Amino acid sequence: ELGYAIEEYLRRAFVDKGINIAYGDRFGGDSDLEVDLLCETDEDIYIFEMKKKGLTRQAQSGDEGKILADLADSVLASHFQAMRIENVLKNNDCLQLVHKGGKQTVRLNNRQVQRISVSLPDFGALQDKTVLQRLLTIAALSNVSHPNSTEDKKLRKWRDHSEKIKDLAMANGELGENRMPFHNSLFMS
């Protein structure tokens, strides 16, 4: 329930400031997709994806596997969702959303997409743009494993989300020669 309350709080804050927003479930198309919050300007589309996942006690105590698992469930999961939305916009040039019976259409119209993950404040320094870019790049371009099977199981979520992010980054044209991967990615609480 906390996640829904955070989403509604942010939506209300945007609307109270006179900012037009879109959100809801994808209408039509071949895949299920839910948009937490989307704002448009003439130049950009801002995709906000929220995760209420905080750091577990094990992660806070320094358990490296748990830190990566918590990062996977928050930063990587929310960025994966935002990248999926971006991919639908790029491949279809529009996205139709439905919420409480109302429909909204968002069109890409050659605009840039900015992805913003919103989470609890537990993640501190990761909310720096450069640190986030490096974290996402490392996730997309590296393979993480541990020789101890118990510790390696903790890394499963990290590997799963990393692979999905890599696939979408490739599909969105974000990885490759002379590219600045994840330049349009932000993380905040």
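By contact I mean heavy atoms within 4.5 Å. This is a predicted model, in which local features need pLDDT of at least 70 and side-chain atom pairs count only at pLDDT 80 or more, while totals for chains, interfaces and linings use all residues. Residues are numbered from 1 along each chain as its sequence is written, and side-chain values use heavy atoms, with hydrogens and water left out.

Start with Lys103, in strand β5, residues 102-107. Strands here are DSSP runs of E, at least two residues, and helices are runs of H or I, at least four, numbered from the N terminus. Setting aside neighbours within four places in sequence, Lys103 touches Phe27, Leu97 and Val98. Between Lys103 and Tyr23 there are 9.5 Å, C-alpha to C-alpha, at a sequence separation of 80 residues.

Is Lys103 buried or exposed? Exposed, because its relative accessible area is 56% (exposed is over 50%, buried under 20%, partly exposed in between, with a 1.4 Å probe and protein chains only). Glu86, by contrast, counts as buried, because its value is 4%.

Glu86 sits in helix α3, residues 64-92. Outside four places in sequence, its contacts are Ile47, Val113, Arg115 and Asn172.

Now the helix pair. α3 packs against α4, residues 129-141, at about 95 degrees, with the axes 12 Å apart. α3 is therefore roughly perpendicular to α4, a label used for 65 to 115 degrees. From α3, Leu71, Val75, Leu76 and His79 make the contact, and from α4, Leu132, Leu135, Leu136 and Ala139.

Technical notes
Axes are lines fitted to C-alpha atoms, for helices over the stretch in contact, and angles run from 0 to 180 degrees between N-to-C directions. Angles under 35 degrees count as roughly parallel, over 145 as roughly antiparallel, 65 to 115 as roughly perpendicular and the rest as oblique.
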